[in-house]
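Reader: I'd like to learn how to read a structure like this one, feature by feature. Could you walk me through it?

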Amino acid sequence: MSENFGLFKGLKVTFKELFKKSVTDKYPKQFREKPQRFHGRHVLNRYEDGMEKCIGCELCAGVCPAQCIYVRGEENPEDNPVSPGERYGFIYEINMLRCIYCALCVEACPTEAITMSSLFEMSVTNRADAIFDKSVLVVDDSGKPRSHEEKTNLTNEKDLQNFDGWMRATSSNGNPNYQNVINWSGSLGYGKKEPEKGQHLEEE
Ligand code: SF4
Ligand code: SF4
């Protein structure tokens, strides 16, 4: 008797689920809006003058709990520097198969070089393609993020474009005067970022 009751309960749950509206019905024709700080695919940003923000310091690689970032910094060439300062990210790779999207790399980065987009579609057909290098991660000359999956046509451009909503977790250069002040920096193609709701920007 109790077995029959259990079966009936189980069927009731199944039956109820049959008529629930599925949130994935319209995907991939329509995409849901993501929260501003959705943790999706990474982007390596550049300054408004085109220079790369990454200085090859390897802090992101050091903090990554999944050990999926590989960075090799190199001295900037004197005649044609890639980033401001002494060094730049000569090699930068993220193994997306290992990433847990915790955003600790974003928090650790002293120059806002690495941020995360809203893009969650990262399907690849082999393991090697899941290692995103600078050719995918660094934004192009107009500040637009590059897609890794041009051929599959699955990329939601909007999710990929929404990549700049990050702020520094710490004050700039550790200066206590910047405590609680959001010090946005200019980004290629986007200019100076607007503070998010509830934040304020100190007048210069
Ligand atoms: S999001 Fe987390 S796991 Fe992924 S690369 Fe950054 S630090 Fe590593
Ligand atoms: S992305 Fe940021 S933390 Fe990582 S190496 Fe470049 S500058 Fe350093």
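**Reading the model**

Author: The words to know are buried (under 20% relative accessible area), exposed (over 50%) and partly exposed (in between), with a 1.4 Å probe and protein chains only. This is a predicted model, in which local features need pLDDT of at least 70 and side-chain atom pairs count only at pLDDT 80 or more, while totals for chains, interfaces and linings use all residues. Residues are numbered from 1 along each chain as its sequence is written, chains are lettered from A and ligands numbered from 1 in the order in which they are written, and side-chain values use heavy atoms, leaving out hydrogens and water.

Reader: What does the secondary structure of the protein chain come to?

Author: Helices (H or I, at least four residues) and strands (E, at least two) are DSSP runs, numbered from the N terminus. Here the protein chain has five helices and seven strands. Their order from the N terminus is α-β-α-β-β-α-β-β-α-α-β-β.

Reader: Which strands form the open sheet, and in what order?

Author: Strands of a sheet pair through backbone hydrogen bonds, either parallel or antiparallel. Two strands count as paired if DSSP finds at least two bridges between them. In this model, three strands make an open sheet in the order β2-β3-β5, with antiparallel pairing. Strands β2 (69–75) and β5 (131–132) are the edges, each pairing on one side only. Between β3 (residues 87–95) and β5 there are two bridges, and these strands run antiparallel. Asn95 is opposite Ile131 in β5.

Reader: How many salt bridges does the count come to?

Author: A salt bridge is a side-chain nitrogen of Lys or Arg within 4 Å of a carboxyl oxygen of Asp or Glu. By that rule there are seven salt bridges. One of them joins the side chains of Glu75 and Arg87 (3.7 Å, N to O). This pair links distant parts of the chain, with Glu75 in strand β2 and Arg87 in strand β3, 12 residues apart. Arg87 is partly exposed, at a relative accessible area of 31%.

Another salt bridge brings together the side chains of Arg72 and Glu74, also at 3.7 Å, N to O. Arg72 is partly exposed at 36%, and Glu74 is partly exposed at 29%.

Reader: Are Lys134 and Glu52, which meet in a salt bridge, buried or exposed?

Author: Lys134 counts as buried at 18% relative accessibility, and Glu52 is buried too, at 14%. Their side chains meet at 2.8 Å, N to O. The pair links distant parts of the chain: Lys134 belongs to helix α4 (residues 134–137), while Glu52 sits in the loop between β1 (42–44) and α2 (59–63), 82 residues apart.

Reader: What does Lys34 touch?

Author: A contact means heavy atoms within 4.5 Å. Leaving aside residues up to four places away in sequence, Lys34 touches Ser118, Phe120 and Asp159. Lys34 lies in the loop between α1 and β1 and counts as buried, at 16% relative accessibility.

A polar contact is a pair of N or O atoms within 3.5 Å; within protein, one must be able to donate a hydrogen and the other to accept it, and residues adjacent in sequence count only if both atoms are side-chain atoms. One such contact, of 2.6 Å, joins the side chains of Lys34 and Asp159. A polar atom of the Lys34 side chain also lies 3.1 Å from the backbone oxygen of Arg32.

Reader: Which residues other than glycine have a positive phi?

Author: Most residues other than glycine have a negative phi, and most peptide bonds are trans. Among those with a positive value here, Gln67 has a phi of about 50°, and Glu112 has a phi near 60°. Gln67 lies in the loop between α2 and β2 and is exposed, with a relative accessible area of 62%. Glu112 lies in the loop between α3 (104–108) and β4 (114–116), but counts as buried at 5%.

Reader: How much of the protein chain is buried?

Author: Buried residues make up 37% of the 204 residues in the protein chain. Of the contacts with a separation of 6 or more, 69% come from residues 24 or more positions apart.
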